[in-house]
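Here are a few notes to go with your first look at this one. Have the viewer open and follow along point by point.

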Amino acid sequence: MIVKMKFINITGPKDDIDRVAEQYLSKYEIQLENAVSELKSVANISPFVENNPYKEISQKAAVFADAISADVVSASGSATNTVSLSVDDCISLVNRLDNELSQLTKEKENVEEKISQYRTSLDDIAHFKGLHYDIDSIMDFHHVKYRFGKIAQEYYDKFEKYIYNDLHAIFHKCQNDNEYVWGVYFVLADEADQIDAVYSSLHFERFYLKDDYKGTPGEAYNEIMEALKRLEEQASELDKKISSILSRSANEILFAKKRLATASENFDIRKLAARTSHTSQNKRETFYILCGWMAEEDAAAFLYEIEGDEKVHCIIEDDENNIYGQPPTKLKNPKLFKPFEMFVRMYGLPAYHEFDPTIFLAITYTFIFGAMFGDVGQGLCLFLGGALLYKWKKMDLAAIISCAGIFSTFFGFMFGSIFGFENIIPAIWLRPISSMTKLPFIGNLNTVFIIAVAFGMFLIMGTMVINIINGIKSHNLESALFGTNGIAGLAFYLAVVITVFLFMTGNTLPAAIVLIIMFLLPLLVIAAKEPLTALLEKKPKLIEGSIGMFLTQGFFELFEVLLSYFSNTLSFVRIGAFAVSHAAMMEVVLMLAGAEHGAAPNWLVIILGNIFVCGMEGLIVGIQVLRLEYYEFFSRFYKGTGREFKPYTK
């Protein structure tokens, strides 16, 4: 169901806007609209141009709150409910903490920067720990050049086997892994260019060590490790000091985070507010104007609450013709049907004056799903599995599966099927595979096919009725009276249904002249819907274009209408087809398990077969039913052009 909305205008002294937002508006769900755009007819209004003073301080409070340990936050729990600080108190608290922690934070940043540098140095030197020679001595060589680096393992093997013995250079292998060999080679300065070229051809990646290492690489590595350990301990001590300061004020910080976030959010309503000035008794006063949508109940409660507040004035606009734009849509359905709003939103929210199809979709979707997937055992599995998943994860789809499982169980009893076995419980209604009905000119036909088509006809007429109601509510005469799914379309389709029913049951058909009137008159009305609508709306021109073009277009439109009625009706055969296919698939499972003749079955095959059928066919049936909802039902009466109700507090 769609909640009835009210458009309200709130005004008061400009400096009072924050109090109104915090004291009143934060309690209610209100979708604020841009007042400057909405109040185009009001003279002398302008937007607010102010920077949010709470935004930066709110972000700092959030940083402090996030830095509080999870244990402290958990221990605080409801303690924040006992804290009461004004916005100014919250700002003072955050500024005090910022000043108190700024030096510690700066020290920690410096320590972390050093830690990062030391870790980089550690990574650099770690690969050369196998070199037992002082690094600073190597770097003082004058007549010998050195090159630290790495070479891929596959190239090193070739280098060692074919090239190394012929080079005037020494390669000292320091470390290797599955990919690379790390080391350093030494070469006379005069031959360095030639040797470098050879190593480059072998994809030797040179590595440049800093000149501040002392001792051998192993000694330098240990020295860096010790220094790094001291720095990490220093950082840990700083963290403890910061954490201690924050923990002492944890309740106040958590409260300040929420309070300042609310203050920042309330201040931002200025982006949607307008300001206007008036001169009274030689005194110029500036006022704010806020406008937006509230649920009718909330609007009444808001008016009652501000009755004694002389600074706040509220006007409810009841004439929608004076409102720019359509009202937003807020859905409110019973808890049982609420998960099905997911499917409605996937198609598009209903417009404010449109019919909310949630309950209709919930009933028809679960009923059709059950008819197509009738099995007591598998239905109960869907019901229990969906219910548990919804309880744990709050997934709307899980709730839908659970509801569909109820109807699967119901039809399982109707069909006498439990986990594919049809010899355990009797069929209360019929067996989908074996139940046949004899029809004139057709012969024997599966009963569920006939019932599925008849059920589809009934639902199609139901959606036509909904479309007529929608058309009347939205003052769309063409759709309500003369459209394919209007009164004319309903009259034609009803005539077809009655005729088919009389013929199939062997009853006498109406006279030919009556049949002609029943079929021809509604079709002529549908073909002439444009001039008839223009006539009712008293338009000067009844037909656009020439009469010949109008007749040609009308002929092909009627052909398309008849074809769509036929194809849409036959589309419901899939309900019976899936009911039969489900039973057939379970027969195959029982046959593979060796249980078709009453023998002891292979229970592993039974279990795996049921899981496969339940998963695969359940998914396919779910998609097929949704297709029926969207293409056979929604396309007849539903547009889904609404805009969602979005309260600024969310």
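1. Among contacts in the protein chain between residues at least 6 apart in sequence, what share join residues at least 24 apart? The answer is 77%. Keep in mind while browsing that this is a predicted model.

2. For the overall picture, the protein chain holds 23 helices and 12 strands. Its radius of gyration is 39 Å, whereas a compact globule of 650 residues would come out near 26 Å. Along the principal axes, the C-alpha atoms fill a box of roughly 120 × 100 × 60 Å.

3. On burial, 43% of the 650 residues count as buried. The chain exposes about 35900 Å², and 59% of that comes from carbon and sulfur atoms.

4. Ala192, Ile195, Asp196 and Tyr199 are its buried residues. Looking down the axis of H8, they fall within an arc of 105°, so they line one face of the helix. An α-helix has 3.6 residues a turn, so residues three or four places apart point the same way. Asp193 and Gln194, on the other side of H8, are exposed.

5. What covers the buried residues of H8? Strand S4 (144-152), helix H7 (153-163), strand S5 (169-176) and strand S6 (180-188) are included in that cover. Just after H8, have a look at histidine 203, which takes a positive phi of about 60°.

6. Now the aromatics: the count comes to 45 aromatic pairs. One of them is formed by phenylalanine 159 and tyrosine 199, a tilted pair with 5.1 Å centre to centre and 50° between the planes. Phenylalanine 159 sits in helix H7 and tyrosine 199 in helix H8, so this pair ties together parts that are 40 residues apart in sequence. Both phenylalanine 159 and tyrosine 199 are buried.

7. Tyrosine 630 and phenylalanine 634 also make a tilted pair, at 5.7 Å centre to centre with 45° between the planes. These two are four residues apart in helix H23 (residues 603-637), which means about one helical turn separates them. Tyrosine 630 and phenylalanine 634 are both buried. They also belong to one aromatic cluster, whose members include Tyr347, Phe355, Phe360 and Phe572.

8. Finally, two charges over rings. Lysine 129 has its charged end over the ring of tyrosine 221, 4.1 Å from the ring's centre. Arginine 275 lies over the face of phenylalanine 48, at 5.5 Å from the ring centre.

Note on methods. Residues numbered from 1 in each chain as written. Predicted model: local features only at pLDDT ≥ 70, side-chain atom pairs only at ≥ 80, totals over all residues. Heavy atoms only, no water. Buried < 20%, exposed > 50% of the residue type's maximum accessible area, 1.4 Å probe, protein only. Arc of directions from axis to C-beta. Contact = heavy atoms within 4.5 Å. Phe/Tyr/Trp six-rings, centres within 6.5 Å; stacked < 30°, edge-to-face > 60°. Lys NZ or Arg CZ within 6 Å of the ring centre and 35° of its normal. Rg over C-alpha atoms; globule rule 2.2 N^0.38 Å. Areas by Shrake-Rupley, 256 points an atom, 1.4 Å probe, with all protein chains shown as cover.
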